[in-house]
Amino acid sequence: MGKEKGAGKREGGPNKKERNTGRTFDFSKHGSRYIALQLSYVGWGNQGFASQDTTEDTVEGQLFAALTKTCLILSRETSNYSRCARTDKGVSALGQVVGLRVRSKLLTGLGVVPAGGTGEDLDLRDKQWWLARAEGEAHTGCSIEDVNDELPYLQVLNAVLPPEIRATAWCPVEKGFNARFACTGRSYRYFFSRGDLDIPAM
């Protein structure tokens, strides 16, 4: 997975001229890419992970606000979004993974769809393929150069996400990647104040 680089020249979002003129970002002029994105977040101040109709104060709500603000996606509906799990109000996570299709500056590479392309030529991994996949099987076709030459997704997102939500890693994936069905396991830890509880009895 690609890790966040140090601060430097920012690229990836709309340029200053586009922001000042209020022009609509033209996604048709840019390619896109299927990726898996890893998130870590402190959930104490959020109303859970999954989006809700009654509030935007969820991790997903904040994530999609950042993705659209930075013009990495047009909308949730067009992003081929999936998540490996959800957490309740007040619950934190260190390795939540989501899958989505984001803007790309590359012409070739694993999961890349060039500008004007439909992605129909990409190998499609359906639900049954992911369920039958051997645990730990690596994604094919990914290289360090491929990741390093791409838009700095982590830097772009973390510049606008609230500090309690961080994008920590990403990697290219095949078309049809589904974070839920590709997940091979989940680990949970529960922390609570000891107080007067009888720990041995528990």
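**Exercise 1.** In this predicted model, are E60 and R83 buried or exposed? Determine also how E60 is linked to its charged partners.

*Solution.* 
1. Both E60 and R83 are buried. For E60 the relative accessibility is 0%, and the cut-off for burial is under 20%.
2. The side chains of E60 and R83 form a salt bridge, with an N to O distance of 2.5 Å. Since E60 belongs to helix 2 and R83 to strand 2, this pair ties together parts 23 residues apart in sequence.
3. E60 also meets R76 in a salt bridge, at 3.1 Å from N to O. R76 lies in the loop between helix 2 (residues 59-69) and strand 2 (82-83), so this contact ties together parts 16 residues apart.
4. R76 is partly exposed, at 31% relative accessible area.
5. Through shared partners, the salt bridges join E60, R76 and R83 into one network.

**Exercise 2.** Which residue forms a salt bridge with R33? Locate both partners and state their burial.

*Solution.* 
1. The partner is E150, with 3.1 Å between N and O.
2. R33 is in strand 1, while E150 is in the loop between helix 4 (144-148) and helix 5 (153-158); the two are 117 residues apart.
3. R33 is buried at 0% relative accessible area, and E150 is buried at 3%.
4. The count of salt bridges comes to three.

**Exercise 3.** How do strand 1 and strand 5 pair?

*Solution.* 
1. Strand 1 (residues 31-41) pairs with strand 5 in the antiparallel sense, over seven bridges.
2. Y41 stands opposite I165 of strand 5.
3. Strand 5 (residues 165-172) is largely enclosed by the rest of the structure, because six of its eight residues are buried.

Conventions:
Residues are numbered from 1 along each chain as its sequence is written. This is a predicted model: local features need pLDDT of at least 70, side-chain atom pairs count only at pLDDT 80 or more; totals for chains, interfaces and linings use all residues. Side-chain values use heavy atoms; hydrogens and water are left out. Buried means under 20% relative accessible area, exposed over 50%, partly exposed in between (1.4 Å probe, protein chains only). Helices (H or I, at least four residues) and strands (E, at least two) are DSSP runs, numbered from the N terminus. Two strands pair if DSSP finds at least two bridges between them. A salt bridge is a side-chain nitrogen of Lys or Arg within 4 Å of a carboxyl oxygen of Asp or Glu.
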